[in-house]
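Thanks for making time for this. I would like to go through the aromatic residues and the nonpolar core, and then take your comments.

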Amino acid sequence: QVQLVESGGGLVQPGGSLRLSCAASGFTFSSYAMSWYRQAPGKERELVAGITSTTGIINYAGSVKGRFTISRDNAKNTVYLQMNSLKPEDTAVYYCNARFTSKYGGKDYWGQGTLVTVSS
């Protein structure tokens, strides 16, 4: 059974930090690209950061570059998102995504999300 379980969300003041974690199980974690997405109220889900499976290539949305850091620990089947200098516009539900692609097809898994609220 595939599971992606996010944790670490909560309420934080502007300028503060949070670290999100996503614990994966039920699939070969090291073979999957991992990403964090977020969805703010009334907005579409957007990619925040992603890290590839084997090469570890990382990409960030322009709005979080320099403030957020994505990392993965294949030994612990966990991906992290360190969020610094948080702004009210970072308020959203943050989702973990696992994606496997090959010439034979692909698989796509999502977590349930964790709420991040940035407010004074």
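Let me start with a question: does Y32 count as buried or exposed? Bearing in mind that this is a predicted model, Y32 has a relative accessibility of 6%, and because the cut-off for buried is under 20%, Y32 counts as buried. F100, by contrast, has 30% relative accessibility and counts as partly exposed.

Since Y32 sits in the loop between β3 and β4 while F100 belongs to strand β9, residues 92-102, the pair ties together parts that are 68 residues apart in sequence. Y32 and F100 also belong to one aromatic cluster, together with F27 and Y109.

Two arginines also lie over aromatic faces: R19 is placed over Y80, at 4.0 Å from the ring centre, and R45 is placed over Y95, at 3.8 Å from the ring centre.

Turning to the core, the largest nonpolar core has 29 residues, and those touching the most other members are M34, W36, V79, L81, M83 and Y94. Two or more residues each come from β3, β4, β5, β7, β8, β9 and β11. To take M34 as an example, its contacts beyond four places in sequence include L4, F29, A49, I51, I70, V79 and C96.

Key: Residues numbered from 1 in each chain as written. Predicted model: local features only at pLDDT ≥ 70, side-chain atom pairs only at ≥ 80, totals over all residues. Heavy atoms only, no water. Helix = DSSP H or I, 4+ residues; strand = E, 2+ residues; numbered from the N terminus. Buried < 20%, exposed > 50% of the residue type's maximum accessible area, 1.4 Å probe, protein only. Phe/Tyr/Trp six-rings, centres within 6.5 Å; stacked < 30°, edge-to-face > 60°. Lys NZ or Arg CZ within 6 Å of the ring centre and 35° of its normal. Core = buried A, V, L, I, M, F, W, Y, C linked by side-chain atoms within 4.5 Å. Contact = heavy atoms within 4.5 Å.
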